[in-house]
Amino acid sequence: MGPCKEPKKRTEYRCAFLCMISIFYWIPALRGVFVIGLSVLVLFSCARIESWRVGAPIAAGVDSPDQDVAEYLRKIYESVRVAPNAGLTRGKLAMAYDVNGFHAEALITYRQAEFLDADDFLWPYFASQLQAEVGNYVKALDALQRAMAIDPDYAPAWMWRGTWLLETGQLNDAMIAFQLAEDLGAGPMAILGRARVMARQGRDREAVDLIAPLAQVTDHPFVHRTLGESLRALGRIDEARVAMARGKDAEPVVWLDERGEQRTIHLRGYASYERAKSLSGSWRIDEAIQILERLQYYHPEAECGRDEEFFLACNLMNSFSIAYDRLGLPSRAIETVQRGLVLKETFMPFHLTMANLYRDERDLDRSLVHIDRAIELNPAHGFAHEQRGRLLFGLKRYEDAQAAFESALQFEPGKRTTLFYLGLADTELGQWPEAVERFERLVRIDPDFALGHVFLARSLAEIGRLREARQAQRDAVEYGADREAIRLTEIRLRELEAKQ
Amino acid sequence: MNVFMRLCRWLTSSTILLLCGCAPVEAPWFNDEATERGISFVHYSGYDSRPMMPEMVGSGAALVDVDGDLDLDLYLVQSGRVDKLLPASNSANRLYLNRGNGQFDEAPEAFGADDRGYGMGVATGDYDNDGDVDLYVTNLGANVMLQNDGAGHFKDVTETAGVGDPGWSTAANFVDLDADGDLDLFVVNYLNWTPAIERDCYGSAFFVTYCGPTVYEVPAMDRLYRNNGDGTFTDVTAAAGIGVAFGNGLGTLSADFNGDGLLDMFVANDTLVNQLWMNLGDLRFAEECMLWSCAMDTAGIEKAGMGVASGDVDDDGDIDLLVVNLERQTDSFFRNEGSYFFDATRQMGLGPTMRHTRFGVVLADFDNDGRLDLYEANGKVALSEPVEGDGYAEPNSLYRGSIRDGAVRFDEVKPIGGTQLRLTHTSRGLAVGDVDDDGGLDLVVVNRDAAPYLLMNKVSRGNWVRFKVRDGVRDAYGAVVSATVGTTRMNRDVQPAGSYLSASDPRVHFGLGKESVAKGVTVRWPGGEREAFGDFQQSGTHELKRGQGVVLAPQDSTPGS
């Protein structure tokens, strides 16, 4: 079903025309006429598509086994059928298809919404986002152009334009787009965009000049990585290593896009559970709980006690508990997990969450019981071993803590937090040479873990390697360590230096 | 009007059909001849309604001459069931011996190589330097080292060798990393997974499907075994500096990426940053993928790296990298700039690859026009809605390499996958080699829960020449052969590893196009030494043996060096 319904008469006229010009094909001398006629017909059809009336809405996903998705899509679809010429309703349907995975239907419906409401920025804007997500940058730029014709002053749109032009190698236009974005207040990411274009153009010196000040004020790994690549191109390898180390996390470039964020409001089903967790992690707890409550209507707590298909119901309970804890309701959080454990004692996340909750309540012994059970259920979970180590550290059982951290490293050998706590345990036991080895390993794996340099400095000083300690302290400053930590270490370094 | 309309429609239809018939149609590049050539293998993943992660991963294949009769035999890895041992018919790996013309006979009980572990992949290499190729099979569970007796019969020597990594291994690679003359072993591990931690995951429309690897939060560490030279290996993972990183490893290969004479290792990790282990000498390594800009894509996204291929695609003398990913993620073509990689995926025309989920991948000159082409074996890992039949099946893809406006590009070949009949399965492992020795490179594709494809090359149009590169009694893994073809200086390395869970023919193949001579053939051996071997006429396989060429000075500027 396409966006347009062709009147019957037009079909007949078109067919008759095609038939007539087909005759010319059979006459070799007049074959060119056939080609010209065919071209005209095709062009005419394309041109006419734009002005055809928008057809009926497309139905999709209404029979999904995900009841949350199916019921929601059904509801919006019915609202469109009731008001077929309302652009806003059609657009909502497109958004619902978009975010719930029905991409082809979403693109057609966005176009329908555009025809019905030519002044609404959102429909071509969202269509452009969707096109870009599936790699159709040319179509994405076309749709974005239509959106920007409606509102040329929306800075995030210029950021997208710059990004997609950069992706497609249109560097000069990308530079213009990022500059305009910056002029419209897009912020540091626009500067990053310009630097990326410069780097692609081989203007690495200019890129470094532009982005180095930005790298001083932001921790965004992409900024540091871009700086590192330009430094590398200029042959400044040592500086490049530092920058690359600070850019090692895989965090994509994002910028504030209030209109773009609306695109996900119609997310339903299991995918919305993932969104809820993300919202909860960003401390948007109320929004998260709203989603969790809606999902729990379809997956009530009792489902958690089943032998099969218990996963989502148990996870919802676990997520509720975490959300309550973040809201400052620890009792409610604990009660929720306790109910969960009655239903499914073998669900490992319950034990991890309960361990955290009891730890926050300073009941480390009870916390340890749950961590031990979590490990029993999944011995290969490095994080659980690390948590165990941290609990034992809190209980001042430093040797047991060391053993737990060593177990964690079996499964996640380079994990910075585990190595760091292992080093801390060494320092608590006065095992300074071992601590030096741990922290040296830590900063070798993760040079931008600034606290690692701080404690390396301390540990080196304790075994008399004062010159190396001073270098480590300088590295700590370079990698942006906490000032208080540096100050305390400095005090100790001076004490030890005075003794020598 | 009705009669007239009917006549019109007939005339129009005839015209259109005539036009379609007259339109040029590209001849197929390959034809699937597995059954006709004696391959009766069917892969079993063990899936029976509740998805278990390992079912989605395997398996691989090897094209390798196990019996020393100078043709390529075929070894196929079977999986079986995750939770129990099936009868040998559904769980044992299989060996097919080439009669010499591309027809195969099954070896009874794979001549001792019929390991019945839940198979993942296979690596090939003469680890004991006795002149025959041995096999290393990776499993969910203990891996297995199979020693060849010279006649293509195998013995399980895992315990003696000390290489039975008990984890979930996927890819493996024999490579002489310490340049001491014997092949060390690098094993890539995927997850610290057990059935006890399996969970339900859901697709976008709430269908139960396979989980992504990061859901389990149990990435695994890879292992490096140093060959002691006496049939045994020592686990040197920690000492080598490898034991500082972990990932969800699926693909690996080795090459000298920085041109210092030492072989480095690349690991493609699934949904985590890739790893590039730069060889510092004395079996010490530093992980530098971030510094080399191959850890993630230009947008800072850790893609789902599965298969990996390497080659000097742009003929500039260094080895480029290609990592293939999930649908809606482009491939990652990392163009080697000498001391770092540049993500040139779009410039190469590989944007459209994101339609499918890619696993096996090879860069090879199928049409012998002198440019590397690209074949990708595709198959989904998740379902978004229930379908009849194999919902994970996808057609494979073939791309022709060419030069346009002075730059290399890949363009998809139609019919899709290069075969007349559209072949659609859940493809995984992929190996390349000339099984009928006609100068056209053929392909073996392993399909999940189905028979494999044996895609015989029908398109080989240009001239060709091939080299068996030997260091002592074995293939010189990691050696780079250079030749001048027309005005282009080409480089091809001895690289049986790569792709996905598979091993390919280690012989080095050059397509010559219309040229009839490969001029100025030189070899850069692992360690950096270079030798010249002169010119070679088209057709046939020639041996280049270390010590039999003219030694070149390190910076020799002889034309064609």
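Five bridges connect strand 23 of chain B with strand 24 (residues 373-378) of chain B, and the two run antiparallel. Helices (H or I, at least four residues) and strands (E, at least two) are DSSP runs, numbered from the N terminus, and two strands pair if DSSP finds at least two bridges between them. Across from Ala364(B) you will find Asp373(B), in strand 24 of chain B.

This pairing belongs to an open sheet of four strands in chain B, ordered 23-24-26-27, with antiparallel pairing. Strand 23 (358-364) and strand 27 (407-412) of chain B are the edge strands, each pairing on one side only. From one strand to the next, the twist averages 25°; axes here are lines fitted to C-alpha atoms, for helices over the stretch in contact, with angles from 0 to 180 degrees between N-to-C directions.

## About the model

Keep in mind that this is a predicted model, where local features need pLDDT of at least 70, side-chain atom pairs count only at pLDDT 80 or more, and totals for chains, interfaces and linings use all residues. Residues are numbered from 1 along each chain as its sequence is written, chains are lettered from A and ligands numbered from 1 in the order in which they are written, and side-chain values use heavy atoms, leaving out hydrogens and water.

## Two disulfides

A disulfide is a covalent bond between the sulfur atoms of two cysteines. Here the cut-off is a pair of cysteine sulfur atoms within 2.5 Å, and a search of the whole structure finds two over all chains.

In chain A, the sulfur atoms of Cys304(A) and Cys314(A) are 2.1 Å apart. The link between Cys304(A) and Cys314(A) is right-handed, with 100° about the S-S bond. In chain B, Cys289(B) and Cys294(B) have their sulfur atoms 2.3 Å apart. The torsion about the S-S bond of Cys289(B) and Cys294(B) is about -130°, so this disulfide is left-handed. Cys304(A) and Cys314(A) are both buried, as are Cys289(B) and Cys294(B); buried means under 20% relative accessible area, exposed over 50%, partly exposed in between (1.4 Å probe, protein chains only).

## An enclosed helix in chain A

Helix 23 (residues 416-428) of chain A has 13 residues. Ten of the 13 residues are buried, so helix 23 of chain A is largely enclosed by the rest of the structure. Among the buried ones are Phe420(A), Tyr421(A) and Asp426(A). Just after helix 23 of chain A, Gly430(A) takes a positive phi of about 70°.

Definitions and conventions: Expected span 1.5 Å × (residues − 1).
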